[in-house]
Amino acid sequence: MRSLGAAPHASAMHEADLPALHRLMVVARRLDEEAIALQRQGVFPAYAPAKGQEAAQVGSAAALDLARDFAFPCYRELGVAVAMGVDLVGYLATHLNVWHGGLYDPKASRLAPFNAVVGGPVTHAIGWAMGAKLDGTGGAAITYFGDGASSQGDVHEAMNFAGVYRLPVVFFCQNNGWAISVPTAEQVAGGSVAARAAGYGIEGVRVDGNDVVAVFEATRAALDRARDGGGPTVIEAMTYRLGPHSTSDDPGRYRTLEDERAWLDRDPLTRAAAQLSADEVAAAEEHAATVVSGVRDGLLALNPPPAEELFSFVYREPTTALLEQQRVWKESLDA
């Protein structure tokens, strides 16, 4: 099912189109707000808000060519899903905790299931990029992670591997200032994730992560370079998480209201809207309201998947232990 939030489809955006990018950011923001409301109402067990990071996510994902590229998100990339035209009901169904990997088609959407392992999608992306290079398909991978995840060993190993083999991959770090409750300055040696690229012999770029056009252009250049054999790029998008790390987090315990208010002046939606007409802004809000209403209705209408899929969904060939568990489960139903 085509996403209600796709306008236009990312693969058709060859140049930065500010009204279209703003429209996608508004969808991402309003849907993010709705997801928080759904968690508070008991529909979602948990949720990781993305407020403030819409420009980084939408701008980067809109630069992808969905005919050949592939994206590997972590757990906060709602804006990426919106910009890529993913079925948003299927994507957010993952948060219902009743289905492994959501209900959308990752292969057709070109967006891998989101990954809750810190730094986890980075190694997946370089594996895909190696396959793309060997197959000669001409595609590039983009992988998302935060400043906190940049301290994980997997990320360093992935950058080294990608540098050695000149893989077509973009490492997209959303530096939102906080690794949960630890500020970047206290857990990123040297203070810059992009600067680490030089140590692996690859390109490193730092960009204003709240400027959606700047993000789009930086990502498009990195993807073009990757597809043309120029190797990997590390993009560090400097942004700010305006909300909590997750719906179980209280950011008031580790940062000040003054800091949050200062970043509100750099809100990516406000910055983009200032360059548009009042009619364009109003139309974007109206469109977003329609999308949110449809996604909410779609989520609430979903039924839990059949229980027997617990035994068939994960493994291509079920193990002996799994078959025994399935047998016992079936017997319990007949008892």
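Rings of Phe, Tyr and Trp (for Trp the six-membered ring) are taken to pair if their centres lie within 6.5 Å, and such a pair counts as stacked with planes under 30 degrees apart, as edge-to-face over 60 and as tilted for the rest. By that criterion the structure holds 9 aromatic pairs.

Before selecting anything, note that this is a predicted model, in which local features need pLDDT of at least 70 and side-chain atom pairs count only at pLDDT 80 or more, while totals for chains, interfaces and linings use all residues. Residues are numbered from 1 along each chain as its sequence is written, and side-chain values use heavy atoms, with hydrogens and water left out.

**An aromatic pair**

Select Phe70 and Trp128, whose ring centres are 5.8 Å apart with planes at 40°, so the pair is tilted. This pair links distant parts of the chain, since Phe70 belongs to strand 1 (residues 70-72) and Trp128 to helix 6 (residues 120-135), 58 residues apart. Helices here are DSSP runs of H or I with at least four residues, and strands are runs of E with at least two, numbered from the N terminus.

**Helix packing**

The crossing of helix 6 and helix 7 is left-handed, a term used if the near helix is turned anticlockwise from the far one by less than a right angle, with right-handed used if clockwise.

Next select helix 1 (residues 18-40) with helix 11 (residues 278-301), which pack at about 40° with their axes 8 Å apart; helix 1 is therefore oblique to helix 11. The crossing of these two helices is right-handed, and the residues of their contact divide into 14 nonpolar, 2 polar and 6 charged. In this classification Ala, Val, Leu, Ile, Met, Phe, Trp, Tyr, Cys and Pro are nonpolar, Asp, Glu, Lys and Arg are charged, and the others, Gly among them, are polar.

**Pocket and cavity**

Now select Tyr75, Arg76, Gly146, Ala149 and His245, which lie nearest the centre of the largest pocket among its 22 lining residues. The volume of this pocket is about 290 Å³, and its lining divides into 11 nonpolar, 7 polar and 4 charged residues. Strand 2 (141-146) and strand 4 (178-179) each supply at least two lining residues, and the largest share, 3 residues, comes from strand 2.

Finally, select Tyr47, Ala48, Tyr75, Arg76, Glu77, Leu78, Tyr91 and His95, which line the largest cavity. About 30 Å³ of space lies in this cavity, and its lining has 5 nonpolar, 1 polar and 2 charged residues. On a 1 Å grid over the protein atoms alone, a cavity is a set of points where a 1.4 Å probe fits but cannot get out, a pocket is an open set with protein on both sides within 12 Å along at least five of seven lines, and lining residues have an atom within 4 Å of a point. Grid points are joined across faces, edges and corners, and a volume is the space filled by probe spheres set on the points.

Definitions and conventions. Axes are lines fitted to C-alpha atoms, for helices over the stretch in contact, and angles run from 0 to 180 degrees between N-to-C directions. Angles under 35 degrees count as roughly parallel, over 145 as roughly antiparallel, 65 to 115 as roughly perpendicular and the rest as oblique.
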